[in-house]
Each structure stands twice: as C-alpha cells, then as structure tokens.
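The dialogue below takes them one at a time.

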Amino acid sequence: RGCIRNPNNIITGAKSPCEALDISKAVLKIAVKLNLDFTEVRQAQRLWKMDNNLTAEEFKAVKDSQIDINRLLSIKELYGIDVEDSLKYLQTVYDHQCIEKHEAIAIWDDYLRMATKLNINLKDKTRRFPSSIKKEHDVAMFAYREIAERVDKEMFHNQAQINVARYGNYSYKDYFIVVPMTPEDIVNEATQQKNCLRSYVTSIKEGRTTVVFIREKENPNTSFVTVEVNHDKITQLKGYCNCNPRNAKLMEFVQHWMNAKGITLGC
C-alpha cells in the first residue's frame, strides 16, 4: 500500500508523481488522502477520466462497497449517467430496498441493458432510476426473453430457408429431404430418434452446421434418418439411436442427393 508515498514507485526521470504514474492532480490528491495502492490508483484514474468531478469520498464509497468499477464506467459511457448520480442511486437502493451496492449495480446494469433492447425511454428518470430495481429488472427480463425467443426463431427460420435452397427440394424414388424450419422440428426429431440433436439448435441457427432429415415417402411425418452437413460434406448420417444405416436403397438415394447438391462424404 501507499504507492504514492513510496519513492521506489516513482519512475526515474519523472518530474512529478503525476507524470510518473500518468495520473491527474485530482487523482493524486485522492490517492494520497486514501492511501491507495497502485491498482486502486489506476482504478481511480479510470473513473476520473469518465467523470472529472470524482471526489475522494465517492471513490471511497466505491472501494468500501466493492462496487464493480467496470459497471460504473459502462453505465456512464452507455447511458450517460454520472458516477455521482450512480452512487446516489445505489445508496438509495441500499437504504430503501436493502440490496447491497455491489449486488444492486449488477441488477441495475442488467436492467439498463435490457431496457435499451426493449426501447424503454431511459430519459425518463423513473425508468432510469426505478424505485424497485428488482421488480423492474424481473419485468424487463420477462419481456426480453419473449423478444429473444422470437428473434431466435426468426434467425432459425431465415437460416432454414438458406438450407432449403442449398440442400432441400429433393426427392428420389422412396425418399425425400426435409429441412427443419423451426427449433421444435429439431427437438421432435431428437425425441423420435433418441439422440442429442436438440443440442445442435444454436449451431444450426447460426449457420455453423446444417441438419436435414431423410424421410420415407410412405411415412413423411416419421423420423427415419438424420444427416449433418458441414461445408458441403456429410459429417453424420444416423438412424434410430445413432445407428449407422446400411439400407442399400437408402444409400442409393444419399448418393444421388449428394451428386445433385455437390455434397461429398466427410465422415
């Protein structure tokens, strides 16, 4: 501790402690007053750069309450809320909602992020500084999850249309290709096939891999064979319980499909 007063920490040739530590005079005063160590001095400097009105009392409140400085900086940068106003709000939350400040800032930061996504008017002080942060956080989370789920389904559907154009619309003899259009289609296939396909939903949605179903024309709604294609190569071809299908007619279909779509075997 006490790096400001320790001459061993002053860079040789520096004209002053401020120059040696690359800090402002205001931060130097704070550091000396609070007897800060080097890490705390750097933290104080970061806060001061964001809010030049930072006082020793404010920094002490941050340090003593173990408030995440990165969150304070983010709140200032993204929402324009000064450190002083943030600390006042966190004190109010502590006094009236009995939430520790380090916990309150995490909840508040999360709420502000979701509120922005939900187009909540954060210029309104009552929305920017909710009287019940946990309640407003939970309400925002509920709405945000609904939107996120809709976005996920839309992303999956958009990628599915790409997959249809690339690998779908194909039929030959007794079989045809089905491209899953929703996450529910994947879950249903996984249930019927008794495999772990449901864990592929995110990869499929993001276009990192493609999954299609081979179905029998006589049983179009019944799972038969599941195929994974990655970079135009078949990486998995699995039947019920991950068995390796050996049906000659099926393999003939697969070969014709591969030829038609420019796919090769990668497994």
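What follows is a set of questions and answers on this predicted model.

Q: Where is histidine 231 found, and is histidine 231 buried or exposed?
A: Histidine 231 sits in the loop between strand S4 (225-230) and strand S5 (233-238). Its phi is near 55°, again a positive value in a residue other than glycine. With 73% relative accessibility, histidine 231 counts as exposed.

Q: How are the buried residues of a helix read, and which are they in H10?
A: An α-helix has 3.6 residues a turn, so residues three or four places apart point the same way. In helix H10 (residues 183-193) the buried residues are Pro183, Ile186, Glu189, Ala190 and Gln193. These residues lie on the same side of H10, because they cover an arc of only 125° around the axis.

Q: What do the buried residues of H10 pack against?
A: Their partners are helix H9 (133-167), helix H11 (201-205), strand S3 (210-216), S4 and S5.

Q: What is the idea behind a salt bridge, and how many are found in the whole structure?
A: Side chains of opposite charge can pair when their charged atoms come close. A search of the whole structure gives 16 salt bridges. One of the pairs is lysine 153 with glutamate 184, whose closest N and O atoms are 3.3 Å apart. This pair links distant parts of the chain, with lysine 153 in helix H9 and glutamate 184 in helix H10, 31 residues apart. Lysine 153 is partly exposed, with a relative accessible area of 37%, and glutamate 184 is partly exposed too, at 41%.

Q: Which residue forms a salt bridge with aspartate 232?
A: The partner is arginine 166, and the closest N and O atoms are 3.2 Å apart. Aspartate 232 is in the loop between S4 and S5 and arginine 166 is in helix H9, 66 residues apart, so the pair links distant parts of the chain. Both ends are partly exposed: aspartate 232 has a relative accessible area of 27% and arginine 166 one of 29%.

Q: Is glutamate 189 buried or exposed, and what does glutamate 189 form with arginine 215?
A: Glutamate 189 is buried, with a relative accessible area of 0%. It forms a salt bridge with arginine 215, the closest N and O atoms being 2.9 Å apart. The pair links helix H10 to strand S3 across 26 residues. Arginine 215 also counts as buried, at 7% relative accessibility. Elsewhere, Asp68, Arg71 and Asp109 are linked in a network of salt bridges.

Q: How many residues has the largest nonpolar core, and which have the most contacts inside it?
A: The largest nonpolar core has 42 residues, and those with the most contacts inside it are Leu36, Leu47, Phe59, Trp108, Tyr111, Leu112 and Ile133. Elements that give two or more residues to this core include helix H1 (17-21), helix H2 (25-34) and helix H3 (38-50). H7 gives the most, with eight residues. A second, separate core of 19 residues includes Tyr175, Ile177, Val225 and Ile263.

Q: How is an aromatic pair described, and how many are found in the whole structure?
A: A pair of aromatic rings is described by the distance of the centres and the angle of the planes. The search finds six aromatic pairs. For tyrosine 89 and phenylalanine 129 the centres are 5.3 Å apart and the planes are at 50°, so the pair is tilted. Tyrosine 89 is buried, with a relative accessible area of 7%, whereas phenylalanine 129 is partly exposed at 21%. Ring pairs also link Tyr170, Tyr175, Phe224 and Phe253 into a cluster.

Methods
Residues are numbered from 1 along each chain as its sequence is written. This is a predicted model: local features need pLDDT of at least 70, side-chain atom pairs count only at pLDDT 80 or more; totals for chains, interfaces and linings use all residues. Side-chain values use heavy atoms; hydrogens and water are left out. Helices (H or I, at least four residues) and strands (E, at least two) are DSSP runs, numbered from the N terminus. Buried means under 20% relative accessible area, exposed over 50%, partly exposed in between (1.4 Å probe, protein chains only). The arc is that of the directions from the helix axis to the C-beta atoms. Contact means heavy atoms within 4.5 Å. A salt bridge is a side-chain nitrogen of Lys or Arg within 4 Å of a carboxyl oxygen of Asp or Glu. A nonpolar core is a set of buried Ala, Val, Leu, Ile, Met, Phe, Trp, Tyr and Cys residues joined through side-chain atoms within 4.5 Å. Rings of Phe, Tyr and Trp (its six-membered ring) pair if their centres lie within 6.5 Å; planes under 30 degrees apart count as stacked, over 60 as edge-to-face and the rest as tilted.
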